[in-house]
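Please consult the sequence and the structure shown here while reading.

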Amino acid sequence: MAENVVALDSLQIASRNALTQAMESDGCSSSSCGSSDAPEDMDPETWAKVKDHPCYSEEAHHYFARMHVAVAPACNIQCNYCNRKYDCANESRPGVVSERLTPEQAARKVIAVANEIPQLSVLGIAGPGDSAYDWRKTKETFQRVQEQLPDIKLCLSTNGLALPDHVDELLDMNIDHVTLTINMIDPQIGTEIYPWIFWEHKRRHGLEASQILHERQMQSLDMLHERGILVKVNSVMIPGINDKHLLEVNKEVKKRGAFLHNIMPLISAAEFGTVFGLNGQRGPNAAELKELQDACAGGANLMRHCRQCRADAVGLLGEDRGQEFTMDLVPDEVTYDPEKRETYREWVKKEREDRRVAAESAKAETVASVAEEAGAMLVAVATKGGGRINQHFGHATEFQIFEVDAEGVRFVTHRRCDNYCVGGYGEEDKLELVIKTLEGIDTILCAKIGDCPREDLAAAGITAIQDYAYDYIETAVSAVYRDRMGLPSAETAEIA
Ligand code: CLF
Ligand code: SF4
């Protein structure tokens with residue numbers, strides 16, 4: 001608990017520092033937000049639903065956390081990328097087993113996490129089987145949480161086969177967010193992904209199975225959209241099977257009102273014991289995934305910040321605090337205390353407004369001063385959240401990647417790595433891997449970096465900068481870009 005107070009305090013200090021700097025320098029750097037998740041890009045009702053959901057809003061993922069509880073073990077289909085020994089791979093890393101919980105245990109765990117992590121805003125049920133098929137347990141868990149923690153958003157992830165039977169109950173429970181995994185809209189392609197489904201008390205195979213699954217998924221999407229429930233579609237990209245086809249999926253789900261489309265790379269390995277793992281089906285590489293995402297421009301909005309969470313994930317996206325909250329660590333009796341969370345939300349409200357104003361003014365400055373035809377640049381950022389550059393280079397286990405050009409700054413993706421610094425010392429072989437991970441990156445922004453890694457990065461053509469420690473990401477990225485374009489910073493210009 002103390003740790004969170006410290007984290008909140010340091011964020012507040014960082015906020016004050018950045019504000020002071022911005023005032024002193026007359027908004028010294030330029031920036032842009034580029035995110036389609038800003039309030040001005042959607043109606044107020046939709047913004048109210050997504051603004052605190054770390055998966056539905058890229059901006060929110062800097063401030064808010066989610067957790068999953070594994071209460072629904074039964075599943076009604078078989079995906080070739082799933083091994084039932086593990087959890088549903090449609091919304092979690094394959095090969096991961098979570099702690100199975102009863103609805104009562106799950107509700108208790110949610111209270112324990114909410115008391116400890118003020119950033120928690122969403123509870124997701126994504127298996128370990130199918131949450132809509134194992135409905136009794138899913139529903140009981142949601143009801144318990146709703147009664148005891150009314151400020152937590154409820155989020156459901158499903159393959160869609162059983163969902164049409166429960167859509168109205170979702171509405172009654174005020175559930176605003178549903179993820180449907182849709183890997184095809186052509187049942188022929190489905191035959192290569194789904195060997196069977198269990199439907200109306202019978203196992204169905206081949207084309208018949210895929211046809212039924214497809215029709216129920218489309219029905220689910222239509223029903224959810226009609227009722228104003230936001231739908232995120234997850235698709236697993238499987239090279240040679242549905243990779244090109246996902247363009248069609250993207251168009252179709254947009255037509256049917258999906259709010260977001262999350263194209264996830266297949267993660268496949270023989271040790272997972274899945275059909276695809278055993279037959280050598282590979283997943284896409286980062287370039288193939290990006291190419292497909294870029295080709296989807298103009299279709300359904302894409303989610304690009306998914307971390308393919310662990311099934312028992314707890315914390316900010318990309319952060320894994322699940323091991324701090326296993327059931328043996330959760331007290332038998334726990335009472336919800338909303339105070340710290342209310343304080344945090346008040347702080348976030350102000351902080352994100354400050355950040356938006358700073359980013360907008362910086363964007364205006366960039367647009368006004370950088371020639372339209374100026375090239376784009378990729379910048380990696382080490383961040384622990386809060387939308388700021390607040391992590392040491394050696395501690396980063398992932399970098400957030402931003403693209404910047406004359407139009408502004410856009411989040412593109414994240415790249416994972418092992419942290420270079422372990423136990424206070426940098427490890428040379430790890431640095432080599434980090435440098436590989438950062439291929440194509442022009443500049444790294446971090447809170448601190450030592451001389452050795454900075455020199456090695458420079459030798460690989462990557463500039464590491466710590467001068468923007470604790471600044472907002474967008475304003476700093478923009479300032480670096482302006483600098484690279486040979487433009488004076490606002491501060492320098494003013495002095496001159
Ligand atoms: Fe969980 Fe999924 Fe809800 Fe998010 S995850 S059920 S929508 S609360 Fe988020 Fe994790 Fe990606 Fe899922 S980062 S795997 S998209
Ligand atoms: Fe596995 Fe989920 Fe597919 Fe069921 S829906 S087979 S649990 S990946």
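By class, the shell around ligand 2 has 8 nonpolar, 4 polar and 1 charged residues; Ala, Val, Leu, Ile, Met, Phe, Trp, Tyr, Cys and Pro count as nonpolar, Asp, Glu, Lys and Arg as charged, and the others, Gly among them, as polar. The model is predicted: local features need pLDDT of at least 70, side-chain atom pairs count only at pLDDT 80 or more, and totals for chains, interfaces and linings use all residues. Residues are numbered from 1 along each chain as its sequence is written, chains are lettered from A and ligands numbered from 1 in the order in which they are written, and side-chain values use heavy atoms, with hydrogens and water left out.

The shell of ligand 2 comprises 13 residues, the closest being C75, C79, C82, C88 and N90. Around ligand 1 there are 16 residues, of which C55, H68, E91, C155 and C309 are the closest. A residue belongs to such a shell if one of its heavy atoms lies within 4 Å of the molecule. In the shell of ligand 1, 7 residues are nonpolar, 5 polar and 4 charged.

**Helix pairs**

| Pair | Axes come within | Crossing angle |
|---|---|---|
| Helix 11 (residues 339–369) and helix 14 (residues 473–484) | 9 Å | roughly 20 degrees |
| Helix 12 (residues 428–437) and helix 13 (residues 451–459) | 11 Å | roughly 40 degrees |

Helices are DSSP runs (H or I, at least four residues), numbered from the N terminus. Axes are lines fitted to C-alpha atoms over the stretch in contact, and angles run from 0 to 180 degrees between N-to-C directions.

Conventions:
Helix = DSSP H or I, 4+ residues; strand = E, 2+ residues; numbered from the N terminus.
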